[in-house]
Amino acid sequence: MTREVRAFAVTVLTLAALGVAAGLLWSGLTPRAPYQVTEQGTTVLADPTTQALIAADGWFAVITGGLGLLCGGVAWFAARRWMLPVLLGLCAGGVAAAFLTLWVGSTFTLGAVTVEASPALTAAGTKVVPGALHLTAKGVMVAWPLLAVGFFGLLEGMHGYRESPLREPYGGMGPV
C-alpha cells in the first residue's frame, strides 16, 4: 500500500512543481491589458476593446493544456505498475498545478511589461499602466487535469486493445 501512496504523492508533487514553472512562463509570455489611472487613484480598463484579456486566457489554456498532455504521456510510460494511483495523482495534481499556475502567474511579473494604449489616451496625457494577469474564462482551469487524464486513458485504451484477445475473431483459431 505504501508504494501506491508514494506513486500518488510523487505524481501530485511533480505536477505542482510544474505548475509553479508554468505560472512563471504564463507571466512572461502573456500581454498585459492597459489600465488608466483616474483622478481618485483607481485603475479602470483603458481600452474596452482590448484583446489582452482574451490572450491571457488563451495563453493559460495553451500552456496548461500542453503540459497536461505531456504529463499524461510521461505518466503512462513511467507508471506501468501503479496505474490507478498515478491516474488519481494526475487528476489531483493537475487541479493543484492549474491553481498554482494561476496564482504564480498573477502574483509575479516576469519580462518586459509594456502596454499599448490608443493614441487618443496618450495624447490626452492619461497615465496608462499595465494590469495584473487574471482569467476571465474560468473554464480553462480544467485544461491541465482534463488533458492529462484523457491522454493517459487514451494511451491505456490503445494499449489494452492491442493486447486484447478479442481483437482476433474466434480466439485466434480462425473460423471452424
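The structure is a predicted model, in which local features need pLDDT of at least 70 and side-chain atom pairs count only at pLDDT 80 or more, while totals for chains, interfaces and linings use all residues. Residues are numbered from 1 along each chain as its sequence is written, and side-chain values use heavy atoms, with hydrogens and water left out. The protein contains five helices and three strands; these are DSSP runs, numbered from the N terminus, with helices being H or I of at least four residues and strands E of at least two.

**Overall fold**

- Read from the N terminus on, the order of elements is α-β-β-α-α-α-β-α.
- Of the 176 residues in the protein, 34% are buried; buried means under 20% relative accessible area, exposed means over 50%, and partly exposed lies in between, with a 1.4 Å probe and protein chains only.
- Contact means heavy atoms within 4.5 Å, and among contacts between residues at least 6 apart in sequence, 82% join residues at least 24 apart.
- The protein exposes about 10,400 Å², and carbon and sulfur atoms supply 69% of this area. Accessible areas come from the Shrake-Rupley method with a 1.4 Å probe, and for residues only the protein chains shown count as cover.

**Helix α3 with helix α5**

- The axes of helix α3 (residues 83-107) and helix α5 (residues 143-163) come within 7 Å and cross at roughly 155 degrees. Axes are lines fitted to C-alpha atoms, for helices over the stretch in contact, and angles run from 0 to 180 degrees between N-to-C directions.
- This angle makes α3 roughly antiparallel to α5; angles under 35 degrees count as roughly parallel, over 145 as roughly antiparallel, 65 to 115 as roughly perpendicular and the rest as oblique.
- The crossing of α3 with α5 is right-handed, a term used if the near helix is turned clockwise from the far one by less than a right angle, whereas anticlockwise is left-handed.
- On the α3 side, the residues in contact are M83, V86, L87, L90, C91, G94, V95, A97, A98 and T101, and they meet W144, P145, A148, V149, F152 and E156 of α5.
- By class, this contact has 13 nonpolar, two polar and one charged residues. Ala, Val, Leu, Ile, Met, Phe, Trp, Tyr, Cys and Pro count as nonpolar, Asp, Glu, Lys and Arg as charged, and the others, Gly among them, as polar.

- Helix α1 (residues 2-29) packs with α3 at an angle of about 25 degrees, and their axes are 7 Å apart.
- Helices α1 and α3 are therefore roughly parallel to each other, and α1 passes α3 in a right-handed crossing.
- The contact of α1 with α3 comprises 18 nonpolar, 10 polar and one charged residues.
- For α2 and α3, the axes come within 11 Å and cross at roughly 160 degrees, which makes α2 roughly antiparallel to α3.
- The crossing of α2 and α3 is right-handed; F60, T64, C71, G72, A75 and W76 of α2 make the contact with M83, V86, L90, A98, T101 and L102 of α3.
- The contact of α2 with α3 has nine nonpolar, three polar and no charged residues.

**Individual residues**

- V95 lies in helix α3 and counts as partly exposed, at 37% relative accessibility.
- V95 and W144 are 49 residues apart in sequence, and their C-alpha atoms are 7.1 Å apart in space.
- D47 is found in the loop between β2 (43-45) and α2 (52-78) and is partly exposed, with a relative accessible area of 25%.
- D47 and P34 are separated by 13 residues in sequence and by 6.7 Å in space, C-alpha to C-alpha.
- K127 occupies the loop between α4 (119-123) and β3 (128-130) and is exposed, with a relative accessible area of 55%.
- Leaving aside its neighbours within four places in sequence, K127 is in contact with Y35, Q36 and V37. K127 and V37 are 90 residues apart in sequence and 5.8 Å apart in space, C-alpha to C-alpha.
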